Amino acid sequence: MQTGHTILIALLCWQAAASAPLPSLATFRPHIIAVGLTGGYQVAAVDLNRDHRPDLIALASGLNELAWYENPHWSRHVIASGLRSAVNLAAADLDGDGIPEIVLASEFSMRPSDSLGKVAILQARDDPRQPWTVREIDRLPTSHRLRWAAIEGKQPGVLINAPLAGPLAEPPDYKAPVPLVFYRPGAWKRELISEELQGVLHGIAVADFDGDGREEVLTASFRGLDLFKLEAGNWRRSHLADGNPQPWPRSGASEISVGKLWRTRFLASVEPWHGNQVVVYLPAGQGWRRLVIDDSLVEAHALETADFNADGRDEILAGFRGKGRSVYIYYAEDATGERWRRQILDAGEMAASSCVVADFNLDRRPDVACIGAATANLKWYENLGWPRRRSGRF
């Protein structure tokens, strides 16, 4: 039973959150890095030359080359050529030489029967500006999302491979189990996490969700939002939310990210698959309460969470590739996460397939880089700061 003192403190905290001023919006300056990136699909921020600055790897599915752009002048260097339908990559320094290795998924098709799903490891020679070696390690149809996960608390951990759909699935319903798998570096033997998900598995995120020092895998699929955790050598699935309530194949979710509002965790999602909604999930007892904060996007595909204005609360960044093709940032108006304010980061000039957050100019402010599909471009958005509040942080 709460005491009167506890109730008073809770009431004062609620009143402070409710009366807090609107969040200060960060100001961004756009910079064009590259054009002509046909089928721009993924951008990754990785230091590839040991200078402690994040460089950018630009993956364009319509090109036969994978290239990186060297920070700060953004000189272009080819990593590998002769590729077909590259779709995703993940980078980690596996041999300790300070230059990350890249695992790349290619030969992708939306129809599993037409997708080889090649998975290869790319390794730099003495000079990362020269072409890298390429060695195939697996083939899994529709290999689509690659991420490193420290499932046992050690970096970089294992490589997660989340195919778009099961090998027997057929569009548009994709009614078949999806094999979510992982690999341990060196052995590169495919190991199964789960085949419990069905339909399209589109988005994954890696986070230490329960604060135990080990990372878990979160997924966004036709089944909704799920969490996979390794416990005593076995993977356990926890269903978090159903996602979009429409019937299959408009059910579930397309992307997932984890954010925080001070000490309160929230989930951000794009729904449904390639959908129009930006959705926030707020803690509600033992579950999550769904809150649609925007339903005006067209073919949304990029999703990130980060604290752009240093107020202790993460913002949500979402980009879409369809009509209007823009990138938005959403700011929580108070600590409850009930109301969100939208800021336009890019209006009409970035059909964002992927965005990444990093401090590109080392000024201790998080910047953004995005790669466009129809716009076929790569841009970074410099965070110039935000107005100071007279009352300090809130």
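A search of the whole structure finds 29 salt bridges, a salt bridge being a side-chain nitrogen of Lys or Arg within 4 Å of a carboxyl oxygen of Asp or Glu. This is a predicted model, in which local features need pLDDT of at least 70 and side-chain atom pairs count only at pLDDT 80 or more, while totals for chains, interfaces and linings use all residues. Residues are numbered from 1 along each chain as its sequence is written, and side-chain values use heavy atoms, with hydrogens and water left out.

- Side chains of opposite charge can pair when their charged atoms come close.
- Arg290 and Glu271 form a salt bridge through their side chains, at 2.8 Å from N to O. Because Arg290 lies in strand E21 (residues 287-294) and Glu271 in strand E19 (residues 264-271), this pair ties together parts that are 19 residues apart in sequence. Strands (E, at least two residues) are DSSP runs, numbered from the N terminus.
- Glu271 is buried, with a relative accessible area of 0%, whereas Arg290 counts as partly exposed at 29% relative accessibility. Here buried means under 20% relative accessible area, exposed over 50%, and partly exposed in between (1.4 Å probe, protein chains only).
- Asp311 pairs with Arg313 in a salt bridge whose closest N and O atoms are 3.7 Å apart. Both Asp311 and Arg313 are buried.
- Another salt bridge links Arg129 with Asp127, the closest N and O atoms being 3.4 Å apart. Arg129 is partly exposed at 34% relative accessibility, and Asp127 is partly exposed at 28%.

**Disulfide**

- A disulfide is a covalent bond between the sulfur atoms of two cysteines. The count comes to one disulfide under the rule that a pair of cysteine sulfur atoms must lie within 2.5 Å.
- The disulfide joins Cys355 to Cys370, with 2.1 Å from S to S. Cys355 lies in strand E26 and Cys370 in strand E27 (residues 367-372), so the link ties together parts that are 15 residues apart in sequence.
- The link of Cys355 and Cys370 is right-handed, with 105° about the S-S bond.
- Cys355 counts as buried at 5% relative accessibility, and Cys370 counts as buried at 0%.

**Largest pocket**

- About 920 Å³ of space lies in the largest pocket. On a 1 Å grid over the protein atoms alone, a pocket is an open set of points with protein on both sides within 12 Å along at least five of seven lines, and a cavity is a set of points where a 1.4 Å probe fits but cannot get out; lining residues have an atom within 4 Å of a point. A volume is the space filled by probe spheres set on the points, which are joined across faces, edges and corners.
- The pocket is lined by 35 residues, and Gln42, Leu146, Arg147, Glu304 and Val356 lie nearest its centre.
- Strands that each supply at least two lining residues include E10 (143-149), E22 (300-306) and E26 (352-358). Strand E2 gives the most, with six residues.
- The pocket lining divides into 21 nonpolar, nine polar and five charged residues. Ala, Val, Leu, Ile, Met, Phe, Trp, Tyr, Cys and Pro count as nonpolar, Asp, Glu, Lys and Arg as charged, and the others, Gly among them, as polar.

**Cavity**

- The structure holds one cavity of 30 Å³ or more.
- The largest cavity is lined by Leu37, Ala58, Ala60, Leu63, Glu65, Ala67 and Arg76. This lining has five nonpolar, no polar and two charged residues.

Technical notes. Helix = DSSP H or I, 4+ residues; strand = E, 2+ residues; numbered from the N terminus.
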